[in-house]
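Q: Can you walk me through this model? I'd like the fold, then the charged side chains.

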Amino acid sequence: MFWETFKNLCAAVGLSPNAVAKKMGLSSAIVTYWSRGTAPSIDSLNKVAEFFNVSIDYLTGKEETPTSDYVPSSTLEARSLIDDVELLHKNPELRVLLSASSKLTKADVAAITEIALRMNREREDE
């Protein structure tokens with residue numbers, strides 16, 4: 001039950017389960033365990049509940065709907081944008097990369113994005 005709920009919440013915000021886990025400071029290995037039916041720890045449940053602003057009862061199937069405090073995906077997208085801005089603030093080299101990309105075509109940006117995504121996947125597999 002938890003895995004399906006978690007996977008659906010991730011999809012609702014347009015992120016993969018691994019991406020959400022990373023934003024919460026959890027490993028991709030934990031996501032693999034969850035996908036195979038391992039129950040999350042109470043610490044992990046708390047992190048997921050806080051991230052999505054839902055109750056633990058909702059995550060574990062004891063409630064059928066999120067709480068009235070449920071944050072819609074647009075708000076979570078704004079939270080993601082804030083996280084991205086903080087990342088740019090903390091990493092001057094990323095600001096340089098962003099600035100240097102201002103005159104690139106959409107095709108250039110797509111190609112560079114694909115390279116960056118591939119590099120991230122390779123690092124996750126290490």
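**Fold and charges**

A: From the N terminus on, the chain's elements run α-α-α-α-α-α-α-α. Helices are DSSP runs of H or I with at least four residues, strands are runs of E with at least two, and numbering starts at the N terminus. This is a predicted model, where local features need pLDDT of at least 70 and side-chain atom pairs count only at pLDDT 80 or more, while totals for chains, interfaces and linings use all residues. Residues are numbered from 1 along each chain as its sequence is written, and side-chain values use heavy atoms, with hydrogens and water left out.

Q: How many salt bridges are there by this rule?

A: The count comes to 3, with a salt bridge being a side-chain nitrogen of Lys or Arg within 4 Å of a carboxyl oxygen of Asp or Glu. Among them, Lys-7 pairs with Glu-4, the closest N and O atoms being 3.4 Å apart.

Q: How are Lys-7 and Glu-4 placed in helix α1?

A: They are 3 residues apart in α1 (residues 2-12), so about one helical turn separates them.

Q: And what about Arg-121?

A: Its side chain meets that of Glu-114 in a salt bridge at 3.2 Å, N to O.

Q: Changing topic: is Ser-55 buried or exposed?

A: Ser-55 is buried, with a relative accessible area of 16%; buried means under 20%, exposed over 50%, partly exposed in between (1.4 Å probe, protein chains only). Ser-55 lies in the loop between α4 (42-52) and α5 (56-59). A polar atom of the Ser-55 side chain lies 2.9 Å from the backbone nitrogen of Tyr-58.

Terms used: A polar contact is a pair of N or O atoms within 3.5 Å; within protein, one must be able to donate a hydrogen and the other to accept it, and residues adjacent in sequence count only if both atoms are side-chain atoms.
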